[in-house]
Amino acid sequence: MPLEQILTGISGYDPNADLELVRRAYDFASRAHEGQTRRSGDPYVTHPVSVAEIIAELKLDIASVCAGLLHDCVEDTTATVEQLTTLFGKEIAFLVDGVTKLGKLPWSTKEEQQAENFRKMLLAMARDIRVILVKLCDRLDNMRSLHHLPPEKQERIAAETMQIYAPLANRLGIAWIKVELEDLAFKYLQPGEYEQLAQEVQKTLAERNEYIETVEKLIAKEMHDHGVPCEVVGRAKHFWSIYQKMKKTGRTFEEIHDAIGFRVVTDNQMNCYQALGVAHQTWTPIPGRFKDYIALPKPNLYQSLHTAVIGPRGERIEVQIRTREMQAVAEHGIAAHWKYKEGKPVDSDKKFAWLRQLMEHQKELRDPTEFLESVKLDLFGDEGYVFTPRGDVKALPKGATPIDLAYAVHSTIGDHCSGARVNGMIVPLRYQLRNGDTVEIITNPNQKPNKDWLNLVKTARARTKIRYLLRKEQRERAIALGKDILDKGLRKKNLTLARSEKDLDHAARELRLGDSDELIIQVGYGKVTVQQVLEKLLPGDTKKADEPERKEKKTEGMLAQLIRKVTRRQSSSGILVAGDADILVRFARCCSPLPGDLVVGYISRGKGVTVHRRDCDKGLDLDPERRIDVSWDGHGKGSHEVAIQVLCADKPGLLATISQSFSDQGVNISQAHCRATENGRAVNTFHASVKDLDQLKGVIRALSRIKGVYSVDRVSAEAPS
């Protein structure tokens, strides 16, 4: 039955479609997945059928629908890409291969696997944008059935959806998929807040529906009376959007008066501006809330006029005004006017400038953590528009600075940016650009990036370029230091660096470092000692000189082995560094890692190894050459300090309830910083001691369920209260 519905849907938008090809793909998928079931107990083939149904809703072509039906065959069955090529052609096989995960290759971490999967999809997207459209439909169906999975998988998949796939849907302009992905992810990431908001919305549902119906008729009448033909549709904002507004403004649900929006759809652009005039003439416009995305479309092709007015009954309402073509693009994005020309690369089209940026980063960034961070920076955030002196428009994220604009124009301009003129006035590099600013970048050949710039920039491009130059400088310093250290060590053995070049190459290969250049760098970083180098250069000499010491160490080594047989050695810190428990370790206060967090270590001179969470911004800014593998030993019994920020209503007794919740979870509060805000809210930062990540999650869930608590977040232990 679902297949017939899909075929009927396809016939509605493509009467000449090859429906027999879709039936063949369905039959192949049914046979390939025979015997497989989903967590719900349903036959597995129901998933690819649902994905194909969503693809048909986007009105994509037959190849995309077939790819949806076949997308899991290569990953989860014995089918191969070559087999799909033979049966269904190169086009469909390519789309399936682009969506297929790299699940069969050995990755060292889940994060590395995620990054490489996404990197592969980007490469496929650059050749054919349909790859990501199929993947988004796949992710949407998976999110719809997420309740069948265990809680830890729900949280991991929901976080990935919120961080990558919802922003991707937004970039592609597919509003309905973006909205549904955000609400579903919100439900699993913050179940307490979601449930509380859902209850609040349900209470006022009947009243809101009555208000929407009344105002729809009123707007339609006003437009008709002024000669503007249109359709008017009202709708409540989705849960995640309302929650974000509550968190940003510090208001309760009852205080969010513009949670309802109205869309006016007319037949041409001239009528859009006339409709705007009617709205502003009829109701009082709210200053600063008008945006013209028709004259300045968003990078995802979205066009519309946005305004907010004091509507009927004194309620604030948002009004969006657009043509029917703009409405199609607003709902379906790139899929609304999607035309595929075989062999035409995506990057030839200016609509995909953001995709070209992602492609640049995938070439430059080999580290998975940095790559995913740059992807998130590129996909997230509200964008504004600034103008160059020549009148060119540049889209930049909210909070961007002149440095971001300089790097957006050219890398060399960014490297030598020393200041800027904004609207004719000199401003410092920390100035945050505003929508509509005209910006002229001032350069100085002697200027170069410094580490402080990383705290100013908002774009992934600027951050990547600055990090590259800083690390290049660090590498040059390491080379100079390494040469100096090696030269002094070699001279003691009557050798020189210049004369030992070939021998150093041999020593480097023995130490698995490639060549002498890499050996010198590692000596400079302190990861290789002169003694290790000399042992490879002069094995007989060092062996003879160190014989007594070796005998002593051998005896100690045998004793240590005997001790380890009786008692397994455990690290007091709970951290193993490259498998060793005896390394001096300290935990970074910027991110306060807990057992259960993905962690990475950085060698610090004189301080051992500093452990950061893998997603810590400060950790990402450190030199990758100083990075070392660390892991939790699984036997740590100590407690770890973590900071938790609770935004709640400022009312008597609530702080006591929050404190009791910590106590009920077996968690002790060591510090508390509480302050009331002007809008009847309170911001509380608690420093508490927890055993691991699971205990922290339990605390956050418990706090989220308290009535009057609006948000609970883990924050930096260094963050000001």
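Let's start with Tyr602, which stands opposite Thr610 in strand 15. Tyr602 also stands opposite Arg627 in strand 16. A heads-up: this is a predicted model, where local features need pLDDT of at least 70, side-chain atom pairs count only at pLDDT 80 or more, and totals for chains, interfaces and linings use all residues. Residues are numbered from 1 along each chain as its sequence is written, and side-chain values use heavy atoms, with hydrogens and water left out.

**Strands** (DSSP runs of E, at least two residues, numbered from the N terminus)

- Strand 14 runs antiparallel to strand 15 (residues 608-613), joined by 6 bridges; two strands pair if DSSP finds at least two bridges between them.
- Strand 16 (residues 627-628) is also antiparallel to strand 14, with 2 bridges joining them.

**Helices** (DSSP runs of H or I, at least four residues)

- Helix 2 (residues 19-32) packs against helix 6 (residues 81-88) at an angle of about 150 degrees, and their axes are 12 Å apart; axes are lines fitted to C-alpha atoms over the stretch in contact, and angles run from 0 to 180 degrees between N-to-C directions.
- Because of that angle, helix 2 is roughly antiparallel (over 145 degrees) to helix 6.
- The contact (heavy atoms within 4.5 Å) involves Leu21, Arg24, Ala25 and Phe28 of helix 2, plus Gln83, Leu84, Leu87 and Phe88 of helix 6.

Definitions and conventions: Parallel < 35°, antiparallel > 145°, perpendicular 65-115°, else oblique.
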